[in-house]
Number of protein chains: 2
Amino acid sequence: MKAQNVRIKDIARLAGVSIGTVDRVLHNRGNVSPEALIKVNAILEQIDYKPNLIARTLGSNKNFRIAVLLPDPQVDQYWSQAHAGIIQSQSEWAQYNIQVEVHFFDLMDKSVFQKIAFQVDQSKPDAILIAPIFYHESLPVFERFHQSEIPFILFNTNIKEANPMSFIGQDLYQSGKVGAQLMNIGQHDPGTYAVLHLDEDVHESVHLLEKERGFREYFELKKLKINIIDFILNPNDPLFNSKLDQLLNEPSLRGIFVSTSKGTAVAASFLEKHGKNNIRLVGYDMLEENLKYLESGIIDFLINQNPKRQAALGVDHLANHLMFKKTAPANDLFPLEVITQQNVASYLSSGIH
Amino acid sequence: MKAQNVRIKDIARLAGVSIGTVDRVLHNRGNVSPEALIKVNAILEQIDYKPNLIARTLGSNKNFRIAVLLPDPQVDQYWSQAHAGIIQSQSEWAQYNIQVEVHFFDLMDKSVFQKIAFQVDQSKPDAILIAPIFYHESLPVFERFHQSEIPFILFNTNIKEANPMSFIGQDLYQSGKVGAQLMNIGQHDPGTYAVLHLDEDVHESVHLLEKERGFREYFELKKLKINIIDFILNPNDPLFNSKLDQLLNEPSLRGIFVSTSKGTAVAASFLEKHGKNNIRLVGYDMLEENLKYLESGIIDFLINQNPKRQAALGVDHLANHLMFKKTAPANDLFPLEVITQQNVASYLSSGIH
DNA sequence: AAATTAAATGTGTGCGCACACAGTAATGAA
DNA sequence: TTCATTACTGTGTGCGCACACATTTAATTT
């Protein structure tokens, strides 16, 4: 019927040696005579031998540990969605004896991040998945991982210097350009656009600014003469309300681009409160609150970063690496998904693909 | 340390019977005494037994055949993308001795479709993946599949009466609503919108009309008083050009919604030729030509049906069904992906997730 | 009571790989 | 010559499951 897959046994037969010898050649275990080596290699060159991963896995019966470093999902729904992805992958790999253990850190407390990261390193997991929110605090952590020779994957935030096994996430610069385009569609007259970075932690804004850069560059490249103003605001700031009030009083304001998922809902509630229905709002991610405002029409577009799938894929890549020695792509850049009132349901129902 | 997975052997020990008996209970093979049945079931209820799929697969060593029925990819790039998905899945499952064989049929010739479908049925594959383009011609085909007890999955086009293992595709009605929303964004004044069904085969339009229904309903629900005209046109029709010319001369024309992927490029070339840059164009799918027009700004939005992933997932579902006895979801509805000039690259680079 | 049959239960084998270990041949040392 | 050492080669086992087959027990007939 069909060319059956070649097994070690077949190679042994063709080369006129035992399967043990073939095994030694395949794994460079030595103790093979030059003649046997030549005979086996001759066959291997003719035949495209692909080891049966299923059989290999069954025999090994390894017990791997994957550690995940994640911001506390209690505080931020974005991270609880990421956590949901971890949970999902966890149960999928559990039967292969791959333990996925999650370690949370406080988004507000950088020192805790390092402490936990070092603890994780010391516990010697077989691989690590990490969302490196804090740039400066992350660098020495990666240093440790490399010293301990623990393979690790970054997700959500890319840090060039990390030199990880792979990065999973989006191109933030391009993401900003998408935001700008969605902002610009159908807006004819020149006007004012606001970029809002609403976050408790200003330091995080380093990577948020990348989105703003893309946003601005879009209009520049299109040679559209518009006015862009930006705000880096902490919602707990006493001046927060007055500053936003001031923004809304700007008569030429056409739209608001919010760079954070939580901030998107904050901005939306502000617009709703002031009855500003004609100002376009573009933000991030399918948080419950955001979906509510998308439904009511306050939010026009959401760019979906898909934290759930990012996290799930991170675990999958590591598990495949450990179990099947499959190499993950160096960069797994996610599509910049545009969510609207009309397609949101299709995203919610389809789950992870 | 490790919460070791429960094996059949463990259940047997706990229930005080042999593994053979446990096996008979698990597979309802009968020949089990009531007492033994009770003992085993008691353990099974306490313990969440998950069979080791790897071991199961290793032992079986089956040789499955999956037949795929697909329109000729030579003629239509949409289907060549679907074919690419098949190829991808094919190579993934090859090592598990699952043969994926593709049978092409002519989009223009319905009789050939039935002939090939019956041939495929007669060759007794273990499962079938089919894109049932022709409604009436498909019904007797499904009948045969059921008679032969060959599990089959529909993709791209849903046919309610088929009663398949599952359907993979999009909600066309909702897809039309997405198109309408994208059309409506930022369009303030009332105007005229055109819905174009450009296809060689008018009979296909049955399922295309579903998109139009969604398109129209969007505006009705939003209580937007606009003018919608529709055309069902064959690009080879001698009157084709004049009819489109007439459309473009309508001064109140704000936008065009094209329900087919090939037609999208046709409409785009028409708009470009007439220098109509201010008419919004919303169409379907990432065909090369469409991407060109998206880049140049003629096309504003594409709704991505993702034929590649649909096809690949179809094979995956069937393969998982055959190999691992995993049940595929009855409806695998894909997200209605919105493609723009700015996010298209991220979709192209990310491949299938 | 012995023989027959059916029902129930237990044992054995192979899937392909990895790895432990036993076996063989060749060489040099006692 | 005999023994020990080295260099290589081949065989055996387990991973967990599915299924074939052998064995035991109970029920029924002769």
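## Model and confidence

pLDDT is the predictor's confidence in each residue, on a scale from 0 to 100. The mean pLDDT of chain A is 90, and 97% of its residues reach 70 or more. Elements are DSSP runs numbered from the N terminus, namely helices (H or I, at least four residues) and strands (E, at least two).

This is a predicted model in which local features need pLDDT of at least 70 and side-chain atom pairs count only at pLDDT 80 or more, while totals for chains, interfaces and linings use all residues. Residues are numbered from 1 along each chain as its sequence is written, chains are lettered from A and ligands numbered from 1 in the order in which they are written, and side-chain values use heavy atoms, with hydrogens and water left out.

## Surface near DNA strand D

DNA strand D is surrounded by 23 residues, the closest being A:Ser18, A:Ser33, B:Arg29, B:Tyr49 and B:Arg56; a residue is near a molecule or strand if one of its heavy atoms lies within 4 Å of it. Of the atoms of DNA strand D that come within 4 Å of the protein, 68% belong to sugar and phosphate. By class, this surface near DNA strand D has 9 nonpolar, 9 polar and 5 charged residues. Here Ala, Val, Leu, Ile, Met, Phe, Trp, Tyr, Cys and Pro count as nonpolar, Asp, Glu, Lys and Arg as charged, and the others, Gly among them, as polar.

Helices H2 (19-26) and H4 (53-60) of chain A and helix H4 (53-60) of chain B each supply at least two residues of the surface near DNA strand D. H2(A) gives the most, with 4 residues. Phosphate oxygens of DNA strand D lie 2.5 Å from an N or O atom in the side chain of A:Ser33, 2.7 Å from a polar side-chain atom of B:Arg29 and 2.5 Å from a polar side-chain atom of B:Arg56.

## Surface near DNA strand C

Around DNA strand C there are 23 residues, of which A:Arg29, A:Tyr49, A:Arg56, B:Ser18 and B:Ser33 come nearest. Sugar and phosphate make up 69% of the atoms of DNA strand C that come within 4 Å of the protein. The surface near DNA strand C divides by class into 9 nonpolar, 9 polar and 5 charged residues.

H4 of chain A, together with helix H2 (19-26) and H4 of chain B, each supply at least two residues of this surface near DNA strand C. Its largest share, 4 residues, comes from H2(B). The side chain of B:Arg24 has an N or O atom 2.9 Å from a base nitrogen of DNA strand C. Phosphate oxygens of DNA strand C lie 3.4 Å from an N or O atom in the side chain of A:His27 and 3.3 Å from a polar side-chain atom of B:Thr21.

## Interface of chain A and chain B

The contact (heavy atoms within 4.5 Å) takes 44 residues from chain A and 46 residues from chain B. The area buried between chain A and chain B is about 4,100 Å², of which carbon and sulfur atoms give 52%; buried area is the accessible area (1.4 Å probe) that two parts lose on being put together, summed over both.

Across this interface of chain A and chain B, 12 residue pairs are in polar contact, both residues at pLDDT 80 or more. A polar contact is a pair of N or O atoms within 3.5 Å; within protein, one must be able to donate a hydrogen and the other to accept it, and residues adjacent in sequence count only if both atoms are side-chain atoms. The side of chain A that touches chain B divides into 19 nonpolar, 18 polar and 7 charged residues.

## Salt bridges

A salt bridge is a side-chain nitrogen of Lys or Arg within 4 Å of a carboxyl oxygen of Asp or Glu. A:Glu210 forms a salt bridge with A:Arg213, their closest N and O atoms being 3.0 Å apart. A:Glu210 and A:Arg213 are separated by about one helical turn because they are 3 residues apart in helix H9 (residues 205-221) of chain A.
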